[in-house]
Amino acid sequence: MFCSRSITLSPVTFFRDNQSWQQECARETTAWRLGPVRATPNTEVTLSSAMPPKKDSQSIADLRSVHQITAPGPSRDRIAGPLLEEAGYGEHGVAFLSGNYQPLVEETTAILSIPSDFPTTGPDGSAVVSGNAMHVVGELPLEFPNGKFIYVGPNPKFSRDHYKVWGRGPRQRDIGFSNGWHHWFEGDGMIYALDFESMKPSEAQISDRGTPGEVQDNCTSSFTKETGAFYVKHRRGRNRRLRYRNRYVRTNSWHDELRSGSRLFRPLMNTSGLSFLPHAIANLFLGGNFLKDSANTALTFFAGRLLTLQDTMPPWEIDTITLETRGPCDFGGTLPFYVPFTAHPKVAPDSGDLVFFGFNPVYPPHCTVGTINSSGTVGQMSSLWHNALQGATFMHDFCVTKKYTVLFEGSMNIRPLRMFRGEHPLQYDEDQVARFGLLKRGGVENSEKVVWCDCSTAEMVYHFINAWEDEDTGEIVIVGVREDGFFLGALAANGTREWISNKLKVGRSVPRIHEWRINPTRQAVTSERWLFDLPVEVPRINDAYTGIKNRFTYAGKIHTGSLTSDAQLKFDALVKFDLQNGESEIYEYGYKRYGMEAQFVPRNKSRAESQANQRMSSPCSSDTDHAVTDMDAVPVEDDGWIVLYVHDESKGSAEGRSECLVLDAKNIQAGPIVRIVLPSRIPYGAHALWCTAKGVDDIDSFVHDSVRMTSESLANCSTSDLINESTTLSTSALNNSKATPRLFTFAEEQTDSLLGTVRTGVLRAGAGLFVNGWRPCISPDVHTEYSLIRAFGFRFMEARALGKVREDQAKSTEYLSRTDDPLPTLTLYELEGCGACRRVREAICMLDVACVMRPCPLGATRNRLSAAMAQLGVTHDSHGSVHVEDAQLPYLEDSRTGAKLTGADSIITYLYSEYLDGAVPSPLVRPGLMASICAQVAVNARGTADGYPSTTSSYRRGPAGAFYSRPSHQPTKPLQLWAYEASPFCSVVREALSQLELPYVLQPCARGSPRRTQLMHRSGGKFQVPYLEDANTGTAMFESAEIIKYLRTEYSVP
Ligand SMILES: [Fe+2]
């Protein structure tokens, strides 16, 4: 499954000529010896407090313009955007794969510390804190609470070629069922989070730019009065730390597609009618769902769980700190697997319960309503069978009041029979009467108790703002953004721009704020009216007012020019609406700056925040007495801030960086009081969440002693970047004396993993256990050499038959005592879980040749892109057209001969030819189809005991070590692992290295290897494998469990 095409690229055919080959080798050699660590966020960099500031004055000067931030972006997109006219992507596929809708392939972690005693040296006491990864302009108010600002959106994980019209992308099979294009709704979910944390006083002394004194000097030199377009008063406040992360939501669908190496799910949103059904069936068989489970739409935080949501799918739980995907959430088994979960659940104002509905577009009941109590358990659920016969009516959002759950069925429905007329089953149906469904909470909820109140025809609402019961009239007041088919038209496959233009001309279908009033006694809608004319979407309020009368809402103003020019949905301003007075104020983001959904952040210690915490952040918040039921007790509604992400397209839509803006909610037209320039861009997505969680304060425990910034990136990864600075593997600083082997001991949690590797080893008949020509023999004892058994003055030795290259190396006089080994000439790019790669590793052990190992786990980009570039002969400066999928594994480079080969058979034949003097490969690894099949069967027997956290047994897991688990710091100096392929203890360590995508030097020590004696000399007369040396930290250790723990602690990024 993981085998790539077996293509031999011999030295003769791979290089255009010998001269270029020599140049290539020279470049490699120089880079390994002299190449500095690239100090950009595209490679892993550790920023210590002693690191000098880099280009700070320029960056700060650039930051002075409000509308044009020119700070150098760390992650320029290498993928050139296809033209809109390129029909291979479909019009709207292009719209949602271009510009800042382009997929982001990086997972980034960045931290910036801001000491409270940051000097006030600028004019008017203004402050700028700048780091290589993030810049902050302005200062957060003292009352601004700790919390987490999160955003989620679709972000396709493969290169854009995979999202062409179905049948034309890489590895897609055109089965002849017409077209289907990528659609925004079907991109893999990615979450972006900015943590606002307090620091302890001792930690505040650490700055990623140096000491506070150094900051002062730079700021002083940079502040000039003539530049001051954007300043705020600096007030001495809390020690702050900002932490940014973005991570994929690793759903089952995400894993399935990654395992297949290509787009697996056929598009459904942008298909013709005839192709819809076969595509849906294919998805069901191949991926287990009709539609890809992407968790890409919205977020909620309830009962201590951070959930990312998608209509019609189960919620996925995310680690609140690391953003790792924990697995699907069924609320302790209380949410049945067949009940979908809305993207917009609501906290009820009376009980504090989370009210949800589940919209099932395929089969009845198409709607299920339920509640989840504050302990995280699903309570009553009610299935609504009212539309079982005519088909589903699309539902995306709903409302709650103190007494009612208010459902909404608009004029968009799903009629399966349309497929047989060549139409898409989901249509905006202007003849359908929209209606609200009132369901009184607190009793037995069932469909018979839903009271339906008709509106008029041709109405659609994606997002409601709020609803409440008017105490004077007894009416239920509902406020939302009515859009009458706008989104379906805007996101359709073809003719989008014309559709939008026509609607705009006649003033219809533009999303605007609308009010409905329902008399529950008469069970009828008594009035409807438009409240404002501005086209807006993604409205938000102070969440403390959910279900009770509120006055203010904040929404993004739609940039209609973007819709008609490039068919992209963008927001060019933030609007604050006063629902009481009919007034509005606006903050325009500026030239080519577009914002995303905003969130209201209540002032710290306010009642509103207290309520939010009670409801949302603590599993212990079951005490519903704290729920706000008294308007008089609620503080001023807009007493707080607005946070949102904005992207700057002024330097190219996909080249700029994104920012987090903080605005005073009482005065948004004054513009942001703080701007935080992020280390990467955030593609335009869907919904956001502010989470004022007590748990966020505990994040302090995850902070390391130094400030680190790491970015996993497709960019700037060359084969020379990851391990450099030295051509030798110095071990002089290693603390070997503390390394103590304990024979055959293992941690309890390793049991499954070790048994799995034993299964593979048995099925491989011990391949990689012995070096070539191994046989036992007897000679007089010499205690300075490794022996299998010692007895009666003799030692039972292990003879070998290695090639001349290896024997000459082993017999050299300084070999045994050397601590500075030369870097191996072999480099292998390989993948755990791949039988072909396993055979190559076995051959390396049997030949006893050291090798630089570059793991290429699924989902990682660094080593894979390096392999792809090397295979295609693409230079670092022109690798924009190279994708990670271009890499064929295993891939071997030998700088001694210049050989570059792919395919296990070719590599093994080459290794035996070069390192065993042309001998025929062992039957255990000999090339051939049968050997390939047997190896894959053995590898599959290893099982799926992977490192992924799992909360339910339904969470699929991949082959052990085959998946990239989390971003990691790359070692400056290479790690060295002394191991051999057949050892189960060594295998689990190797898998851990793979999961972190950590390169290392493999020092094979199969039975009979002269390296066993060498290891004895290095480790004070001890021998045991695995044995890890880390020259970066001076660490040397034996035990596999300890090694794995060390690697994850030292190199993974939380
Ligand atoms: Fe939504």
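Contact is taken here to mean heavy atoms within 4.5 Å. The structure is a predicted model, in which local features need pLDDT of at least 70 and side-chain atom pairs count only at pLDDT 80 or more, while totals for chains, interfaces and linings use all residues. Residues are numbered from 1 along each chain as its sequence is written, and side-chain values use heavy atoms, with hydrogens and water left out.

By this contact criterion, Gly685 touches Tyr151, Val152, Gly153, Pro154 and Trp184, when residues up to four places away in sequence are not counted. Gly685 is placed in the loop between β37 (672-677) and β38; helices (H or I, at least four residues) and strands (E, at least two) are DSSP runs, numbered from the N terminus. Gly685 has a relative accessibility of 10% and therefore counts as buried, the term buried standing for under 20% relative accessible area, exposed for over 50% and partly exposed for values in between (1.4 Å probe, protein chains only). The C-alpha atoms of Gly685 and Asn296 are 8.3 Å apart in space, although the two residues are 389 apart in sequence.

The iron ion has four protein donors, His344 (NE2), His396 (NE2), His463 (NE2) and His687 (NE2), at 2.0 to 2.1 Å. Donors are N, O and S atoms within 2.8 Å of the metal (3.2 Å for Na, K and Ca); water is not among the atoms, so sites may look incomplete. Angles among the four donor atoms run from 88 to 164 degrees, and the site is irregular. Under the criteria applied, four donors count as tetrahedral if all angles lie between 85 and 135 degrees; four count as square planar and six as octahedral if opposite donors are over 155 degrees apart and all others between 65 and 115; anything else is irregular. Along the chain, the iron donors have the spacing H-x51-H-x66-H-x223-H. His396 lies in the loop between β18 (392-393) and β19 (399-400) and His687 in strand β38 (residues 687-691), so this pair ties together parts that are 291 residues apart in sequence. His396 and His687 are both buried.

Strand β19 also belongs to an open sheet of four strands, with the order β19-β20-β23-β24 and antiparallel pairing. Its edge strands, each pairing on one side only, are β19 and β24 (451-457). Two strands pair if DSSP finds at least two bridges between them. Strand β20 (residues 404-409) runs antiparallel to β19 and is joined to it by two bridges. Cys399 stands opposite Val406 in β20.

The largest nonpolar core holds 151 residues, of which Leu194, Phe196, Ile676 and Leu1047 touch the most other members. Helix α15 (residues 835-847) gives the most to this core, contributing eight residues. A nonpolar core is a set of buried Ala, Val, Leu, Ile, Met, Phe, Trp, Tyr and Cys residues joined through side-chain atoms within 4.5 Å. Leu1047 touches Leu975, Leu993, Leu996, Leu998, Leu1028 and Ser1052, again without residues up to four places away in sequence.

The structure holds 50 salt bridges, each defined as a side-chain nitrogen of Lys or Arg within 4 Å of a carboxyl oxygen of Asp or Glu. One of them joins the side chains of Asp188 and Lys292 (3.3 Å, N to O). This pair links distant parts of the chain, 104 residues apart: Asp188 is in the loop between β6 (180-181) and β7 (189-198), and Lys292 in the loop between α7 (273-287) and β10 (298-302). Asp188 is buried, with a relative accessible area of 2%, and Lys292 counts as buried at 5% relative accessibility.

A salt bridge also forms between the side chains of Arg838 and Glu842 (2.9 Å, N to O). Both residues lie in helix α15, four residues apart, about one turn of the helix. Arg838 counts as buried at 5% relative accessibility, and Glu842 is buried with a relative accessible area of 0%.

Helix α6 (residues 252-260) is mostly covered, with eight of its nine residues buried. Its buried residues include Trp254, His255 and Leu258, and the buried residues pack against β8 (240-248), α7 and β12 (316-318).
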